[in-house]
Amino acid sequence: MNHSNTPLFTALKNHAASNPVQFHIPGHKKGRGADEEFRAFIGDNALSIDLINIAPLDDLHQPTGVIEEAQALAADAFGADYTYFSVQGTSGAIMTMILSICSPGDKIIVPRNVHKSIMSGIIFSGAKPVFVSPARDENLGIDHGITTSSVRRALDRHPDAKAVLVINPTYYGLCADLKEIVELAHSRHVPVLVDEAHGVLIHFHEDLPMSAMEAGADMAATSVHKLGGSMTQSSVLNLNVKNGFVNPQRVQTIISMLTTTSTSYILLASLDTSRRNLALNGHEIAQRAIDLAQYAREEINKIDGLYCVGKEILGGEATHNIDLTKLTIHVRHLGITGYDTENWLREHYNLEVEMSDMYNILCLVTPGDKEDTIEILLKALRELSDTYFLVNQAHELIVKIPEIPQLSLTPREAFYGDTEVVPFKESAGRIIAEFIYVYPPGIPILLPGEVISQDNIDYIIDHVEVGLPVKGPEDRYIHNVKVIVETDAIF
């Protein structure tokens, strides 16, 4: 296939150049009806291709023209049988995967450290999650992925499971042996769905972890916008139908149900052009990102009080491979939290990191980086070390993540159940009916249907008190929480 072509983007440019008289939405009509300050900032070129699914531009919900061509090129680039564009982000693609496979009551094996979009898909589908504990890293205070042995135990106990969902790579860039997990699941006639939100570059370089499609997984939701150069909210859903587990027509129906009918052609065009760039230049730009990240990693590990994770972490079942473009920087020995570090970098260097947790910050090195951005990061981290190393006492690393709570109701039953509001600090023993999670990364601490323990309460309060972004409940301050109504017994 000719990856120099951009069928959708080219059609949009040609349509804008023809300057048609528009009597359709959007109402700004090539920017003339937009706010003047916004128009001047965004530019008329962008506004001229902010269009809808008129005949010359195809329709994402039933593509037969330039969108179909663009998706076929993307499938070729990602090594998939089918690729669907998502303007609902990877969250929409993840929900599509689950809804395409699971019906009400079906079991799905999932890691407990999943993104909230996976739990949303489980609630919408009515599936019953079978949680697998991720491998815990006691040195860094983070969780990795699930392992082949843990998936095997789950399949042994739940041979009627309809799917296994795997995160590859994790937010921190670590991977288990995905190919081995896929082969195991397929030997039990169970499809594998992959949350590949943080793995677009792995398709294009042999020194990065194996992609879901290469491993033989059946579906993978991949964020092109996170690391691959497209615009925020644009992602793809890749399908491998060779194993017979996935019906592409069913997937098209589900993703259409979850997608706005007013699809953004700017987002779609950015997917089309990013695919071109990755297909033609992906190896080169991935290599540049790897080289910059490796240089940064080596320099960070020379700074007192800091440790940046590298290949030395590999060798465990949950640490089969690592995406070296992710810089996980452990800051505990400076005597400050990751959240303190994030705020310090913002205040002193106008530098924004991807995320922070109790002990670490995460910085992403992407095709958008050059030597100058890396040097700014290194300068900031050196000053951070000078400010805090040997001044503060290092925090004792206490991994206080509580055990997986008991799931008393399916998430769907709890989410739609009869509820009442109670003080959060007094909610131990009750069944929660809403999510509580830290975002980023968006992994639920509690999710609908789980029994709240005192450990959960203490852990969440600790996060709130140090300023980490705990979100989810209707009460944004988490003074109160929605729980399932306890009905009196009838005698």
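Residues are numbered from 1 along each chain as its sequence is written. In this predicted model, local features need pLDDT of at least 70, side-chain atom pairs count only at pLDDT 80 or more, totals for chains, interfaces and linings use all residues, and side-chain values use heavy atoms, with hydrogens and water left out.

Reader: Why is the pairing of R112 with E450 called a salt bridge?
Author: A salt bridge requires a side-chain nitrogen of Lys or Arg within 4 Å of a carboxyl oxygen of Asp or Glu. The N to O distance between R112 and E450 is 2.9 Å, so the pair qualifies.

Reader: What makes R112 and E450 a link between separate parts of the sequence?
Author: R112 lies in the loop between β2 and α6 (116–125), and E450 in the loop between β18 (443–446) and α16 (454–465), so the pair ties together parts that are 338 residues apart in sequence. Helices (H or I, at least four residues) and strands (E, at least two) are DSSP runs, numbered from the N terminus.

Reader: Why is R346 called partly exposed?
Author: Buried means under 20% relative accessible area, exposed over 50%, and partly exposed in between (1.4 Å probe, protein chains only). R346 has 31% relative accessibility and therefore counts as partly exposed. R346 also forms a salt bridge with E352, at 2.9 Å between the closest N and O atoms.

Reader: How do you know that the side chain of K107 makes a polar contact with the side chain of H158?
Author: A polar contact is a pair of N or O atoms within 3.5 Å; within protein, one must be able to donate a hydrogen and the other to accept it, and residues adjacent in sequence count only if both atoms are side-chain atoms. The K107 to H158 value is 3.1 Å, which is within that limit. The side chain of K107 makes a further polar contact with the side chain of D160, at 3.3 Å.
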